[in-house]
Amino acid sequence: MKTALVTIFTGLLAATPLAAQSVEDFPSKPMTYIIPFNAGGESDVSARFQQSEWENVTGQQVVIQYQPGAGGAQAWSQLNSLPGDGYTVMGINLPHTVLQPLAGSVGYATEDLTPVNYFHYTPDAIFVRAESEFTSLDQLIEYAKENPGLVTFAGSGSNSSNNLAAIRFNEQAGVTTTYVPFSGTGPSITAVLGGSTMAGFNYATSGVSQGDAMRMLAVASEERLPAFPDVPTFKELGYDIVGGAYRGVAVPASASEELRQRISDIVSEINAQPAFVEKMESAGFVLTDIGYDEMDEFVAARIEDYTAGAKALGIIQ
């Protein structure tokens, strides 16, 4: 009996460094990266930029798949049904994953999700087609006051940062506009360019990707963006509208603490690659590096902020 116990104990000791080593060596095969939106939006673009660096950092490829629907909720509601072995990760967005559950049943709760790294931020902005009659925000506001409800804003989903910004804009500008949610930035930009909507509450990065096809009237950042030095902030124009979307990477809740930290470290390492930094900044993204060790505090602060905003703006009671 004693010999058997010694054998078992010895085996457990031997297994511990092997388990640790397996996490250190992760990944040892290609990974899948699910984007909860259509191709063409900021979540897709930033993931594609990561994809080109993923193999350099890990030695393994990452395959991007799309699962659009319900402004991201369709994919997030299924995240925890995926294997927790770390080989499937998913894009995750704020404030979407706070506002959506607050507004109603979407198949998941904010606390169900396990983000491991938020690696960039994009401010909201108002866009119109290059051919639009509106060349300034004042002109758009004047038209909206004279024609309540006729100004339509395309945006990336209900209860998203774009949606929240549109509500704040209505309140502060004293206008009534109509927000039209789409299943991601790509389709919402297509709506603006095609004239399906009069304008768009999109993200500033769209100004880079679309070039001269669209005109940015104002941006919801604290200061003017280096990529758009001629575009005024809402604050400059007298409106206290500062906000946008954080995007990151999440894993199923069954993933171990070690895997969560390892994937967070991979994202952080990609964030530091000079080629990645150049691509992201040139495209109008603002890099962040909110790792897994900071996640609880960061998400708690966002929940408090977005919940207060949602109550003040009538999204929830």
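The structure is a predicted model, in which local features need pLDDT of at least 70 and side-chain atom pairs count only at pLDDT 80 or more, while totals for chains, interfaces and linings use all residues. Residues are numbered from 1 along each chain as its sequence is written, and side-chain values use heavy atoms, with hydrogens and water left out.

Side chains of opposite charge can pair when their charged atoms come close. The structure holds four salt bridges, a salt bridge being a side-chain nitrogen of Lys or Arg within 4 Å of a carboxyl oxygen of Asp or Glu. One of them joins Lys-235 to Glu-222, at 3.1 Å from N to O. This pair links distant parts of the chain, 13 residues apart, with both Lys-235 and Glu-222 in the loop between β8 (214–219) and β9 (244–251); strands here are DSSP runs of E with at least two residues, and helices are runs of H or I with at least four, numbered from the N terminus. Lys-235 is partly exposed, at 37% relative accessible area, whereas Glu-222 is exposed, at 52%, where buried means under 20%, exposed over 50% and partly exposed in between (1.4 Å probe, protein chains only).

Another salt bridge pairs Glu-236 with Arg-224, whose closest N and O atoms are 2.8 Å apart. Glu-236 and Arg-224 also lie in the loop between β8 and β9, 12 residues apart. Glu-236 is partly exposed, at 44%, and Arg-224 counts as partly exposed at 37%.

In helix α9 (residues 257–271), Glu-257 and Arg-260 are separated by about one helical turn because they are three residues apart, and they form a salt bridge with closest N and O atoms 3.2 Å apart. Glu-257 is partly exposed at 45% relative accessibility, but Arg-260 is buried, at 13%.

Elsewhere, Asp-265, Glu-269, Asp-289, Asp-293, Glu-294 and Glu-297 gather in a surface patch of negative charge; such patches take residues with over 30% relative accessible area and no salt bridge, joining like charges within 9 Å and nonpolar side chains (Val, Leu, Ile, Met, Phe, Trp, Tyr) within 5 Å. Of these residues, Asp-289 is placed in strand β10 (residues 286–290) and is partly exposed, at 42%.

Finally, Thr-152 belongs to strand β5 (residues 152–155) and is buried, with a relative accessible area of 18%. Its side chain reaches the backbone nitrogen of Met-198 at 2.8 Å, a polar contact being a pair of N or O atoms within 3.5 Å, where within protein one must be able to donate a hydrogen and the other to accept it, and residues adjacent in sequence count only if both atoms are side-chain atoms.

Conventions. Areas by Shrake-Rupley, 256 points an atom, 1.4 Å probe, with all protein chains shown as cover. Lys, Arg positive; Asp, Glu negative; His and termini not counted. Charge placed at Lys NZ, Arg CZ, Asp CG, Glu CD.
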